[in-house]
Amino acid sequence: MAVVQEQTKRESGRIKDVNQKRVLDSYTRAKRLRKQLEALEQDNFQEDPQANLVIPNKRLPQFDSNEGSNPAKKKKKTRGDHFKQRFRKTFNMLVEEEQLSMQEPPNYLTACIPPSKTPDRKFCAVCGFPSNYTCVSCGARYCCVKCLGTHQDTRCLKWTV
Amino acid sequence: MRDGKVAIIFKRLVPNCIMKAKNERRKQYIGSQIDDCKDLSGIFYLLPFQKGYLVNWDVQRQVWEHTFGKDVMNLEPEDTNAIIAEPYFDFSSIQEAMNEIYFEEYNFKAILRTNAGTLSAFKNRQEEPNQLCCLLVDCGYSFTHIAPYYNGKKVGSAIRRVNIGGKVLTNHLKEIISYRQLHVMDETYVMNQVKEDVCYVSLDFFGDMKIAKLKGQENTIVRDYILPDFSHSKRGYLKQDDTKLKPHEQTVRMNNERFAVPEILFHPSDIGIQEMGVSEAIVHVINNCPTDMRPHLFKNILLTGGNAMFPGFKERVESDVRSMAPALYDVRVTKPVNPITHAWEGGKLLSTSKNFSSLMVTRDEYNEHGHSICWEKFDV
């Protein structure tokens, strides 16, 4: 009986809208944040301008003149395969190695500074000024209706970064 | 760098990367060759370092060969002693590779591998012999290290790293400018210059935020920055208030970005990195040191690294640390004349000191004992 009554009740359009809105769960939010932080470590955002270019001689002509004699030959010898493999370690591989090697502290992993004791400050994701509101869908901060509009139009649920 | 007989002193800063320009289809610019590049827009970087550690040896080798070669230093490695600065807690495989390359490939006469901070602390100790301790803050490109030194020796267990450096700041600036105004994600080189030219560390963050919100004349923070177009101008600059823009000129407006970007150094949580900021970390590190050391560390805080060049950086660290330190301790913060080359100056000084040769490992010693002697002698 009560259920039927609720269905026939008039509702405001705004509340209906809210119910239809997709809300990102905490996992997706954390993933987004992680991706943003990873982007801050990136070296380049554009494509390599010489990506499809095959450089016949990797060395520039300047080097040939002073490396024509013995040192060049010596270098070639050490430039074997073992060299290449040993030196092809990504940063993550190095950290993993450090973890496995059980080096006694202090080491890279123990040297990281702990989180701050003060609470986070909140800034508008659009204009950068202090903000008081949180976007319901994605958890981003905003400071005014205008910024919320920009946020919903540009990022919010559309942002795939 | 010291030669066997004659000490030649010349300071050269070489960018440690290989760069590719948009309009140069074939050429790569290694290290200082970038000075020859006319169009610096959309520079593509190949960096030997990732998160502050050497991972891309192929790139690093090319830069070294260029730097040691006759283009830059024209070295005879067989007669040269080298001081190599490595980050704190450098991974052991990197350290061994370093020995191998310097001795087996380049045949240096002798090397000394150490931390840049140790060189800075050495210089500080020479200049101020009555300071027992030194708290070294090295705020660089990939991260910031806070390292206490006692009697010129680092206190390894207390060293801490804040994962914020100039790279994150530049990338963040690029990100917010691209979102708010103009797509500059590809312009690392130019935006780094914007950062260096107009950003500053605020001494009253929320006060400055209020000023930045004001309109017109009252807003004393906002600046227009004219971007270089590489045909009329090679470098960006601040727009003077009364000048009119020429049609080819493009600007970015820097308002709260000016101080909100360097603010990340002091509040990494502003961009979601859950770590202490530099000032809080300084106090945290000092409080992890033995009680007797603390007053000495508080009164000798030394700021090095490129981020120390931000206007207001020193003052901010000073006022923050002062507010967090016990009232009976003196707080003194020093910023050297050139925070970037301070470690180099320290190395220069060290190379003329009496016991320098005892610190180094010679090629003969390496050939005899291998890596073990390097592990013994070098404290990286």
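In chain B, strands β14, β13 and β15 form an open sheet of three strands, in the order β14-β13-β15 and with antiparallel pairing. Strands here are DSSP runs of E with at least two residues, helices are runs of H or I with at least four residues, and both are numbered from the N terminus. Two strands pair if DSSP finds at least two bridges between them. The edges belong to β14 (237-238) and β15 (250-254) of chain B; each has a single partner strand, so one side of each lacks a neighbour in the sheet.

The model is predicted: local features need pLDDT of at least 70, side-chain atom pairs count only at pLDDT 80 or more, and totals for chains, interfaces and linings use all residues. Residues are numbered from 1 along each chain as its sequence is written, chains are lettered from A and ligands numbered from 1 in the order in which they are written, and side-chain values use heavy atoms, leaving out hydrogens and water.

Strand β13 (residues 223-227) of chain B pairs with β14(B) over two bridges, in the antiparallel sense. There, B:Ile226 has B:Tyr237 as its bridge partner. Helix α5 (residues 188-198) of chain B lies across β13, β14 and β15 of chain B. It runs at about 145° to β13(B). Angles run from 0 to 180 degrees between N-to-C directions, and axes are lines fitted to C-alpha atoms, for helices over the stretch in contact.

Chain B has another open sheet of three strands, ordered β3-β2-β4 with antiparallel pairing. Its edge strands are β3 (29-30) and β4 (44-46) of chain B, each pairing on one side only. Strand β2 (residues 18-20) of chain B is joined to β4(B) by three bridges, and the two run antiparallel. B:Ile18 stands opposite B:Leu46 in β4(B).

Now the helices. Helix α3 (residues 116-127) and helix α11 (residues 342-351), both of chain B, pack at about 65°, with axes 7 Å apart. That makes α3(B) roughly perpendicular to α11(B) (65 to 115 degrees). Their contact (heavy atoms within 4.5 Å) includes B:Leu119 and B:Phe122 from α3(B), and B:Leu349 and B:Leu350 from α11(B). By class, this contact has six nonpolar, five polar and two charged residues. Nonpolar means Ala, Val, Leu, Ile, Met, Phe, Trp, Tyr, Cys and Pro; charged means Asp, Glu, Lys and Arg; the others, Gly among them, are polar.

In chain A, an unreviewed UniProt entry lists residues 124-156 as "domain: HIT-type". Such annotations may be inferred rather than shown by experiment. Over residues 124-156 the chain is 30% helix and 12% strand, and the end C-alpha atoms are 13 Å apart.

Notes:
Parallel < 35°, antiparallel > 145°, perpendicular 65-115°, else oblique.
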